[in-house]
Amino acid sequence: LLRDSGSYSYSVGDKITLSNLKGVAGHNSVQFDNYDQMPVLGRFLFGCWLRGKWSITNTNENQVISASYIDQRKHAHTRIIEVKINEIKIIDDLYSRPSKFTLRWHLGQWPLSNCNLTINSDNTIDTQDKDLSQFSLKYLKMENGNCITAKGIIENYTRIVTSIHFK
């Protein structure tokens with residue numbers, strides 16, 4: 001359903017492409033103010049390593065995975081993934097001083113005729129709910145390299161909920 005750039009991509013390409021693939025822009029994550037969470041110090045060397053927390057909970061009805069971090073600029077991100085039989089829900093809680101954010105979803109082999117993807121927020125974001133089963137893979141590649149983005153501004157806290165429903 002979702003993919004990232006993969007480590008093989010780090011070895012070829014121009015400087016801007018490599019920077020995007022290695023950084024947060026090449027992954028299914030949130031970027032604050034157009035910065036990476038960890039500064040690049042060398043080809044495979046990063047500084048200010050994140051110290052995150054995570055947990056996994058299983059019930060009869062679903063599995064819940066939670067992870068969080070605070071970066072060097074004091075932006076905090078908590079991601080909760082709830083996996084059910086007919087839905088995957090991804091909840092991103094963002095805490096920050098006033099700043100911009102970009103959430104990216106790099107799509108795998110879309111369209112999938114048996115599911116759709118929606119993005120909602122308690123804040124105004126620059127995106128709209130999309131039933132991706134309607135779109136061709138060609139259209140999505142033309143749109144943004146097979147990537148969907150949601151952009152907005154955080155005042156102190158914003159919650160973004162991405163749901164993938166299976167029909």
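Tutor: This is a predicted model. In the lining of its largest pocket, strand E5 gives the most, with five residues.

Student: Which elements give two or more residues to the lining of that pocket?

Tutor: Strand E4 (53–58), strand E5 (63–70) and strand E6 (76–83) do. The lining has 24 residues in total, and His27, Ser29, Gln37, Leu50 and Tyr69 lie nearest the centre of the pocket. The volume of the pocket is about 560 Å³.

Student: How do the residues of the lining divide into nonpolar, polar and charged?

Tutor: Ten are nonpolar, nine are polar and five are charged.

Student: Why is Glu82 called buried?

Tutor: Buried means under 20% relative accessible area. Glu82 has 19% relative accessibility, so Glu82 counts as buried. Glu82 has its place in strand E6.

Student: What is the distance in space between Glu82 and Gln63, and how far apart are they in sequence?

Tutor: Their C-alpha atoms are 5.8 Å apart, while in sequence the two residues are 19 apart.

Student: How many bridges join E8 and E10?

Tutor: E8 and E10 pair over eight bridges, again in the antiparallel sense. With at least two needed, these strands therefore count as paired. Leu103 has Ala150 in E10 as its bridge partner.

Student: What makes E9 and E10 mostly covered?

Tutor: In E9, five of the seven residues are buried. In E10, six of the eight residues are buried. For the protein, 41% of the 167 residues count as buried.

Student: Which residues of the largest nonpolar core touch the most other members?

Tutor: They are Val30, Phe32, Leu94, Phe101, Leu103, Ile119 and Ile160, out of 18 residues in this core. At least two residues of the core come from each of strand E1 (30–32), strand E7 (87–95), strand E8 (99–106), strand E9 (115–121), strand E10 (147–154) and strand E11 (157–166).

Student: What makes these residues a core?

Tutor: The members of a nonpolar core are buried and are joined through side-chain atoms within 4.5 Å.

Student: How many helices and strands does the protein have, and in what order do the elements run?

Tutor: There are two helices and eleven strands. From the N terminus on, the order is α-β-β-β-β-β-β-β-β-β-α-β-β.

Note on methods:
Residues are numbered from 1 along each chain as its sequence is written. This is a predicted model: local features need pLDDT of at least 70, side-chain atom pairs count only at pLDDT 80 or more; totals for chains, interfaces and linings use all residues. Side-chain values use heavy atoms; hydrogens and water are left out. On a 1 Å grid over the protein atoms alone, a cavity is a set of points where a 1.4 Å probe fits but cannot get out, and a pocket is an open set with protein on both sides within 12 Å along at least five of seven lines; lining residues have an atom within 4 Å of a point. Grid points are joined across faces, edges and corners, and a volume is the space filled by probe spheres set on the points. Helices (H or I, at least four residues) and strands (E, at least two) are DSSP runs, numbered from the N terminus. Ala, Val, Leu, Ile, Met, Phe, Trp, Tyr, Cys and Pro count as nonpolar, Asp, Glu, Lys and Arg as charged, and the others, Gly among them, as polar. Buried means under 20% relative accessible area, exposed over 50%, partly exposed in between (1.4 Å probe, protein chains only).
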